[in-house]
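Here is a friendly walk through one protein model, with the sequence and the structure to follow along. Have both open as you read.

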Amino acid sequence: MWQAKPGAMSDLSLIAAVVLVFLVAGTVKGVAGIGLPAVVMGLATLFLDARLAIALLLVPMLVSNIWQIWRTGGIPGALQRYWLFALVMMITIYGTALIAAAAPEALILGVVGVAFVLFALANLVLKPPPLPDLWDRPAQVTGGFAAGVLGGLTAIWSPPIAIYLSARQVDRDEFVRGTGLLFTLAAVPLLAGYWRAGLFTGTQATLSMAMVVPTLAGFAVGEAIRRRIPSDRFRLLLNWVFLALGANLIRRALFG
């Protein structure tokens, strides 16, 4: 049922571990506003097949992102600004997700690791130069394609989106609005692609829906924590953790 790695743990322990992973991931998202897919993929792939980890992510990711963008407002305007990025990304995610069904797990782990490293570096050290209006559409096409390839293989599309919005020098509210919108739209073709590839039917869909509960519980805990600690300090620590997780995933992909 769970497609656990050989000798990982018993079914009961496995269920408890998966629930704990989503509780932690939801808490991280509640504190930092990001990190749900990264935490799940970084931890769940230690004992689950990478494709199953992505399948379990689909419904919690969609629900939590819809909740996030609903609270930011201004969605029609953001959709008008980023429609090209979203369109290219969604088409690419769907096509890549179909290919991912037959991809070796080592490839998926390696791409996840690269995505983690890119995500962490984009937040820690990378300061892209300002992107003038003249180059906005080519940048949206390029960024949308890159996010689509990463997202279709790993469910982690944050790095190209964060780099593009940073280059556009948007303010904090617009950054949250833009990422929330693009993250939500990205989840739809990934879900459709996994369903078409036979990776999101029956048991997988039921388990994914069940993971909404610990995710939202963690999100509520994270929001409470966010009121008590500086979120910038937490984000800095989180990015270093993602960098370490990414390096470890690349090592696992290369050397087993």
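## The buried side of helix 4

In helix 4, the buried residues are Ala78, Tyr82, Leu84, Phe85, Ala86, Val88, Met89, Thr92, Ile93, Thr96, Ala97 and Ala100. Keep in mind as you look at them that this is a predicted model.

What lies over these residues? The cover for the buried residues of helix 4 includes helix 3 (50–72), helix 5 (105–124), helix 6 (136–154), helix 7 (158–167) and helix 8 (172–196).

## A kink in the helix

Follow helix 4 along its axis and you will come to a kink of about 70°, centred on tyrosine 82. Tyrosine 82 is also listed among the buried residues of this helix.

Helix 4 has 26 residues, yet its end C-alpha atoms are only 31 Å apart, whereas a straight helix would reach 38 Å at 1.5 Å a residue.

## A nonpolar patch on the surface

Now turn to the surface, where Leu79, Trp83, Leu87 and Ile91 make up a nonpolar patch.

Is tryptophan 83 buried or partly exposed? Its relative accessible area is 40%, so tryptophan 83 counts as partly exposed. As a general point, an α-helix has 3.6 residues a turn, so residues three or four places apart point the same way.

## Salt bridges

How many salt bridges does the structure hold? There are 5 of them. Side chains of opposite charge can pair when their charged atoms come close.

One of the salt bridges joins the side chains of arginine 51 and aspartate 49, with 3.7 Å from N to O. Arginine 51 is buried at a relative accessible area of 15%, and aspartate 49 is buried as well, at 13%.

Another salt bridge brings together the side chains of arginine 81 and glutamate 174, at 3.0 Å from N to O. This pair links distant parts of the chain, with arginine 81 in helix 4 and glutamate 174 in helix 8, 93 residues apart. Arginine 81 is partly exposed, with a relative accessible area of 40%, while glutamate 174 is buried, with 10%.

Glutamate 174 also meets the side chain of arginine 177 in a salt bridge of 2.9 Å, N to O. Because arginine 177 and glutamate 174 are 3 residues apart in helix 8, about one helical turn separates them. Arginine 177 is buried, at 16% relative accessible area. Through shared partners, the salt bridges join Arg81, Glu174 and Arg177 into one network.

## Phenylalanine 183 in helix 8

Further along helix 8 you will find phenylalanine 183, which is buried with a relative accessible area of 8%. Which residues does phenylalanine 183 touch, leaving aside those up to four places away in sequence? They are Asn65, Trp157, Ser158 and Ile161.

Alanine 86 is itself among the buried residues of helix 4.

Note on methods:
Residues numbered from 1 in each chain as written. Predicted model: local features only at pLDDT ≥ 70, side-chain atom pairs only at ≥ 80, totals over all residues. Heavy atoms only, no water. Patch = residues over 30% accessible without salt bridge, like charges linked within 9 Å, V, L, I, M, F, W, Y side chains within 5 Å. Areas by Shrake-Rupley, 256 points an atom, 1.4 Å probe, with all protein chains shown as cover. Salt bridge = Lys/Arg side-chain N within 4 Å of Asp/Glu carboxyl O. Buried < 20%, exposed > 50% of the residue type's maximum accessible area, 1.4 Å probe, protein only. Helix = DSSP H or I, 4+ residues; strand = E, 2+ residues; numbered from the N terminus. Expected span 1.5 Å × (residues − 1). Bend = angle between axes of the 7 residues up to and from the residue. Contact = heavy atoms within 4.5 Å.
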